[in-house]
Number of protein chains: 2
Amino acid sequence: MSNQGQIIVLSGPPGAGKSTIAERVRAEMPELAYSVSLTTRDPRPGEVDGKDYHFVSQEEFQRRIAAGEMAEYEEIFGNLYGTSEKVIRQALAQGHDLFLDTDVNGAEQLKKRFPEGVFVFLLPPSPKILEERLRGRGTEEEDNLRQRLDRVRYEVGKAGNYTHLVVNDDLDKAVDEVKAIITAARRRTERHQQLLAEFLAL
Amino acid sequence: MSNQGQIIVLSGPPGAGKSTIAERVRAEMPELAYSVSLTTRDPRPGEVDGKDYHFVSQEEFQRRIAAGEMAEYEEIFGNLYGTSEKVIRQALAQGHDLFLDTDVNGAEQLKKRFPEGVFVFLLPPSPKILEERLRGRGTEEEDNLRQRLDRVRYEVGKAGNYTHLVVNDDLDKAVDEVKAIITAARRRTERHQQLLAEFLAL
């Protein structure tokens, strides 16, 4: 309650444009906090520990999972990636809104720990346009496309975890809608109890 | 559920700028539906029945209250003003969002019938600025000012009925925030079940 911040989580299946939209929202709302992810993979040339990622060992990451310290994590090509719950809670306690993009499994884990958060699910305009977009990448073979569509269906099946749904039929419009959802979340009455108390003391 | 519209209710104590903001929001979001109020007062020159108000008799209005047909109503200087629940439900069923500005009592009645609605409470930036605004009207005597402040306290005491709170410290910003709240409400996941079903059928 009171003047806590909120987490804002953005997800979307392949072809929905999640990375582009996340980048634009971060650029246009620089006041949004973000959390540096932990990973067990090796740093790539130029990556800075504590800025791009916190690079930790498999043992350290596993210890944190066992201790319940990870708000969400996933394995990609044998490497673990995740977000520390403590880092999130600290940002929120300082009144910052924290913006994360994760896949549907990450969002599902976050939803359990932050049920009051804002969860935005992105979609392409229609199944037909999605197929065109995925095909349009050119390199796709039919099997590959089938796999991607299976993945879309799997992700859409998790849309019930999300509070909001944005259709990316126009990039500018989709960015504006995600920003509107964040703005609206900031205006929730429970975040302004202090101001209300000042008026009641008139 | 499904593709129903929502009601959006705007209230705010004297000095918060409700009328100006409501007018701007209506002008900038012409797709918002509105409901013509019923009233028992006499038409003024130029007012058109069914457009400015539905002008009805005291008996007719009382009959509708008794029949539970009024979503909200209030008495002002001996005249009744109110909104028909049926008219609201029809607009929502057609997928329209319906925008209403009412006082806190009207909003409280609407909240009971439309608990899933969006309720926006406007505030001036601070108690100090509110006093200045009310004094600034010039015609206020001290007693009158005291009465208005009492009214503000009464209205702020009802802010818990509202889902969102917007501070009118800058008119353009306040208008944009109300519009963002409406945009966000339209993106709620439960309003897009049909689109999700299309993707699940991929």
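Predicted model: local features only at pLDDT ≥ 70, side-chain atom pairs only at ≥ 80, totals over all residues.
**View 1. How the two copies relate: chain B laid over chain A.**

**View 2. Where chain B meets chain A.** Each side puts in its share here: 30 residues from chain B and 30 residues from chain A make up the contact. On the chain B side, at least two residues come from each of these elements: strand E7 (118-123), helix H6 (142-156), strand E8 (164-167), helix H7 (171-186) and helix H8 (193-200). Sort that side of chain B by class and you get 18 nonpolar, seven polar and five charged residues.

**View 3. The four-stranded open sheet of chain B, with a helix packed on it.** Reading across, the strand order is E3-E2-E5-E4 in chain B, and the pairing is mixed. Strand E3 (54-55) and strand E4 (70-76) of chain B sit at the edges with a single partner strand each, so each has one side with no neighbour in the sheet. Helix H3 (residues 85-93) of chain B packs on this sheet, where it touches E4 and strand E5 (79-84) of chain B. The direction of H3 makes about 30 degrees with that of E5(B). Over at the E3 end, strand E2 (residues 38-39) of chain B pairs with E3(B) in the parallel sense, over two bridges. To find your place in that pair, pick out B:Thr39, which stands opposite B:Phe55 in E3(B).

**View 4. The two domains of chain A and the contact between them.** Domain 1 of chain A brings 16 residues to the contact, and domain 2 of chain A brings twelve residues. On the domain 1 side, strand E6 (98-101) and helix H4 (104-113) of chain A supply at least two residues each. H4(A) gives the largest share of that side, five residues. By class, the residues of domain 1 of chain A that touch domain 2 of chain A are five nonpolar, nine polar and two charged.

Technical notes:
Residues numbered from 1 in each chain as written. Chains lettered and ligands numbered in written order. Contact = placed C-beta atoms within 7 Å. Nonpolar A, V, L, I, M, F, W, Y, C, P; charged D, E, K, R; others polar. Pairing = 2+ DSSP bridges. Axes fitted to C-alpha atoms, helices over the stretch in contact; angles between N-to-C directions.
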